[in-house]
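User: I have a chain to look at with you. Could you walk me through its fold and some of its side-chain contacts?

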Amino acid sequence: MNQLSAEVVDADPDTASGSRIGFFERYLTVWVLLCIVVGTLLGHWLPDTFEALGGMQVAQVNLPVAVLIWLMIIPMLLKIDFSALGGVRRQWKGIGVTLFINWAVKPFSMALLGWIFIRHVFAGYLPADQLDSYIAGLILLAAAPCTAMVFVWSNLCHGEPNFTLSQVALNDTIMVVAFAPIVALLLGISSITVPWNTLLLSVLLYIVVPVAISVVLRRWVLSRGGEPQLQKLLQRLGPASLFALLATLVLLFGFQGQQILAQPAVIAMLAVPILIQVYFNSGLAYVLNRRFGVPHCVAGPSALIGASNFFELAVATAVGLFGVHSGAALATVVGVLIEVPVMLSVVRIVNGSKRWYELKQA
C-alpha cells in the first residue's frame with residue numbers, strides 16, 4: 001500500500017483530467033474498504049431501512065442505485081474525448097489485444113469458470129436455488145469492460161494517456177451495442193431466462209444516456225471556456241463522483257449485509273472464479289502485447305483494462321434483472337469487494353516486470 005501510494009505521489013498529472021491525484025484519491029483503497037465494512041454492518045443492523053431502499057424501483061430499476069451511478073460515471077465520462085477514436089490507428093496492436101480480451105475472451109472465459117466452479121466444484125456447498133443467479137452475476141461482471149477506474153490504473157502504471165483515452169472511448173462505443181447481446185447469449189447458454197426489457201433498459205440508463213449527456217455537456221463547456229473551463233468543472237465534480245462511488249458501495253453492501261455476514265464461505269467461493277479471471281485475462285493481454293512488440297506504457301493499461309470490470313453497470317443490471325437480494329447482485333458485489341486490492345496487485349506485477357517486458361525488445 002505504501003509503495004503504491006508513493007507511486008501516486010510521484011506520478012505525473014492525472015492522465016484523464018490533467019489534475020493531480022489528491023489525498024482522498026491517493027488512499028482510495030482505504031475509503032473503499034471502510035465503506036464496505038460500514039455498508040455491511042449497517043445492512044446487518046438496519047435491515048428494514050435497506051429493505052425500503054431496495055424497494056424503491058421503477059421498471060425493476062432501483063432508483064437510489066441509478067442516481068448514484070449517474071453521479072459517479074458522468075464526471076468520469078466527461079474526461080473522455082470521444083474524438084480520440086481517431087487516434088486508434090496509432091496504437092492498433094495494443095487496441096486490438098485489449099478488444100480481443102474484452103469482447104472475445106473475458107465474457108466467455110467467465111461463463112466457463114462459472115460453469116466449472118458454481119455448477120460443479122462448489123455446487124454442493126452453495127444454495128441450489130441460487131446457482132443460476134450466481135452465474136448470471138459473474139457473466140454481467142465480465143461482460144462490461146471498466147470505464148471509470150481505468151484512468152486510476154493507467155496512471156499507476158504510467159500508461160500512455162492517449163492510448164487509455166482511445167481504448168476507453170472505443171470500449172464505451174462498443175458497449176452500447178454489444179453488452180446486451182453478449183449477456184443475453186451467455187445467459188441463454190447457461191439456461192437462464194433473459195428479461196430483455198430490463199436488460200435493454202439497463203443499457204439505455206447506464207451506458208447510452210450517461211454517454212450522451214457527457215458528450216453534449218463536454219462540447220458545451222469546451223465551446224464556452226475551452227479546456228481550462230472543462231478542468232474547472234471536472235475539479236468541482238470530482239468529489240461528487242467519489243462520494244457517489246463510496247455511497248454506492250455502502251448501499252450495495254448494505255443490501256447484501258446480512259448475506260455477507262451469514263455466508264462468508266459463499267463470498268469466498270464466488271471470489272475464486274473472479275480472481276482467476278482477473279489474473280488470466282491481465283496476464284494474457286500482457287503477454288500478447290509483449291509478443292507483438294507493443295511498448296510497455298501501452299501494454300500496462302491494456303492488461304489492466306482487459307482485466308477490470310465496469311462493476312457499476314454490472315451491479316445495476318444485476319439489481320434490475322434479479323433484485324437487490326439476489327445471488328446475481330451478491331456475485332457482482334463480490335466483484336466490487338475484490339476489485340481494488342486485486343487490481344492494485346496487477347499494477348504491482350506490471351510495474352515490477354517492466355525490465356523483463358522490455359528485455360526482448362532491447
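**Fold and contacts**

Analyst: Of the contacts in the protein (heavy atoms within 4.5 Å) between residues at least 6 apart in sequence, 85% join residues at least 24 apart. This is a predicted model, in which local features need pLDDT of at least 70 and side-chain atom pairs count only at pLDDT 80 or more, while totals for chains, interfaces and linings use all residues. Residues are numbered from 1 along each chain as its sequence is written, and side-chain values use heavy atoms, with hydrogens and water left out.

User: What does the secondary structure of the protein come to?

Analyst: The protein has 16 helices and two strands. These are DSSP runs numbered from the N terminus, with helices (H or I) of at least four residues and strands (E) of at least two.

User: And how many of the residues are buried, as a percentage?

Analyst: Buried residues account for 56% of the 362 residues. Buried means under 20% relative accessible area, exposed means over 50%, and partly exposed lies in between, with a 1.4 Å probe and protein chains only.

User: What about helix 5, how is it placed?

Analyst: Helix 5 is largely enclosed by the rest of the structure, because 12 of its 16 residues are buried. Among them are Pro64, Leu68, Met72 and Pro75. Helix 5 covers residues 63-78 and reaches 22 Å from its first C-alpha to its last, close to the 22 Å expected; the expected span is 1.5 Å times one less than the number of residues.

User: Changing topic: how many aromatic pairs are there?

Analyst: The count is four aromatic pairs. Rings of Phe, Tyr and Trp (its six-membered ring) pair if their centres lie within 6.5 Å; planes under 30 degrees apart are stacked, over 60 edge-to-face, and the rest tilted. Phe50 and Phe255 form an edge-to-face pair, with 6.2 Å centre to centre and 90 degrees between the planes. This pair links distant parts of the chain, since Phe50 is in helix 4 (residues 47-54) and Phe255 in helix 10 (residues 196-255), 205 residues apart.

User: Are Phe50 and Phe255 buried or exposed?

Analyst: Phe50 counts as buried at 7% relative accessibility, and Phe255 is buried with a relative accessible area of 5%.

User: Which residues form an aromatic cluster?

Analyst: Tyr286, Trp356 and Tyr357 form one. The charged end of Arg290 sits over the ring of Trp356, 3.9 Å from its centre; the rule asks for NZ of Lys or CZ of Arg within 6 Å of the ring centre and within 35 degrees of the ring normal.

User: Where is the kink in helix 9 centred?

Analyst: The kink, of about 50 degrees, is centred on Met175 in helix 9 (residues 161-189). The bend at a residue is the angle between axes fitted to the seven residues ending there and the seven starting there.

User: What caps the N-terminal end of helix 9?

Analyst: Glu160 does, with a side-chain oxygen 2.8 Å from the backbone nitrogen of Phe163. In the loop between helix 8 (150-156) and helix 9 lies His158, which has a positive phi of about 55 degrees although it is not a glycine.

User: Which residues does Ser302 touch?

Analyst: Ser302 touches Phe163, Gly94, Val97, Thr98, Ala285 and Asn289, leaving aside residues up to four places away in sequence. Ser302 is in helix 13 (residues 296-307) and counts as buried at 0% relative accessibility.

Key
Polar contact = N/O pair within 3.5 Å; in protein donor to acceptor, adjacent residues only side chain to side chain.
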